[in-house]
Amino acid sequence: MRYNSLMSERYRTLYDREAVTQRIGQLASTIIKRHSDDNPLFVALPRGAMPFASQLMFSITERAPDFHPELDIMIASRNHNVFDAGQTPEIITGITRATEVRGRRMILIDD
């Protein structure tokens, strides 16, 4: 009980679970509508994106059972806001070699 009271003193809820789930569902519906014909590859940058990516994949398949999203992961460095500085990030772990990338649209999922 003490932990919960400390958390409520320091933080406030911006969006509850229901609001987040609803928004993920809306995003899933948009992806299905825009990409039902091109079989996109979803690539997650895992440290912050994996919980969201898994919810999104579930929501997509729940709404469109014939849509088979493929998810892979990649770990890239983020030293000194490298993405904002226009520099090329260092790829620590790339997507799986067996993943077909050529000719496919990619949807990058990041936190």
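The questions below go from the overall layout to single residues.

Reader: What is the order of elements from the N terminus on?
Author: This is a predicted model. The protein has three helices and five strands. From the N terminus on, they run α-α-β-α-β-β-β-β.

Reader: What share of the residues in the protein is buried?
Author: Buried means under 20% relative accessible area. The protein has 111 residues, and the buried ones make up 28%.

Reader: Among contacts between residues at least 6 apart in sequence, what share joins residues at least 24 apart?
Author: Contact here means heavy atoms within 4.5 Å. Of the contacts in the protein between residues at least 6 apart, those joining residues at least 24 apart make up 68%.

Reader: Within what arc do the buried residues of helix 2 fall?
Author: The buried residues are Ile24, Gly25, Ala28, Ile31, Ile32 and His35. Seen down the axis of helix 2, they line one face, because they fall within an arc of 125°. An α-helix has 3.6 residues a turn, so residues three or four places apart point the same way. The arc for helix 2 is 125°.

Reader: Which exposed residues sit on the face of helix 2 turned away from its buried side?
Author: The buried residues of helix 2 pack against strand 1 (41–44), helix 3 (46–63) and strand 5 (106–109). The face turned away from that buried side carries the exposed residues Glu18, Gln22, Lys33 and Arg34.

Reader: Is His35 buried or exposed?
Author: His35 lies in helix 2. Leaving aside neighbours within four places in sequence, His35 is in contact with Pro40, Phe67, Arg105 and Ile107. Its relative accessibility is 12%. The cut-off for burial is under 20%, so His35 counts as buried.

Reader: With which side chain does the side chain of His35 make a polar contact?
Author: The distance is 3.2 Å. A polar contact needs a pair of N or O atoms within 3.5 Å. The partner of His35 is the side chain of Asp38.

Reader: What is the phi of Asn39?
Author: Asn39 is in the loop between helix 2 and strand 1. At 43% relative accessibility, Asn39 counts as partly exposed. Its phi is positive, in a residue other than glycine, and is near 45°.

Reader: Which strands stand at the edges of the open sheet?
Author: Three strands form the sheet, with parallel pairing, in the order 2-1-5. The edge strands each have a single partner strand, so one side of each is left without a neighbour in the sheet. They are strand 2 (70–73) and strand 5.

Reader: Which residue in strand 2 stands opposite Leu41?
Author: Strand 1 and strand 2 run parallel and are joined by four bridges. Opposite Leu41 stands Glu70.

Reader: At what angle does helix 3 run to strand 1?
Author: Helix 3 lies across strand 1, strand 2 and strand 5. Its angle to strand 1 is about 150°.

Reader: What distance separates the C-alpha atoms of Ser77 and Pro89?
Author: Ser77 is in the loop between strand 3 (75–76) and strand 4 (91–93). Ser77 is buried, with a relative accessible area of 13%. Ser77 and Pro89 are twelve residues apart along the chain, and their C-alpha atoms are separated by 5.7 Å.

Notes:
Residues are numbered from 1 along each chain as its sequence is written. This is a predicted model: local features need pLDDT of at least 70, side-chain atom pairs count only at pLDDT 80 or more; totals for chains, interfaces and linings use all residues. Side-chain values use heavy atoms; hydrogens and water are left out. Helices (H or I, at least four residues) and strands (E, at least two) are DSSP runs, numbered from the N terminus. Buried means under 20% relative accessible area, exposed over 50%, partly exposed in between (1.4 Å probe, protein chains only). A polar contact is a pair of N or O atoms within 3.5 Å; within protein, one must be able to donate a hydrogen and the other to accept it, and residues adjacent in sequence count only if both atoms are side-chain atoms. The arc is that of the directions from the helix axis to the C-beta atoms. Two strands pair if DSSP finds at least two bridges between them. Axes are lines fitted to C-alpha atoms, for helices over the stretch in contact, and angles run from 0 to 180 degrees between N-to-C directions.
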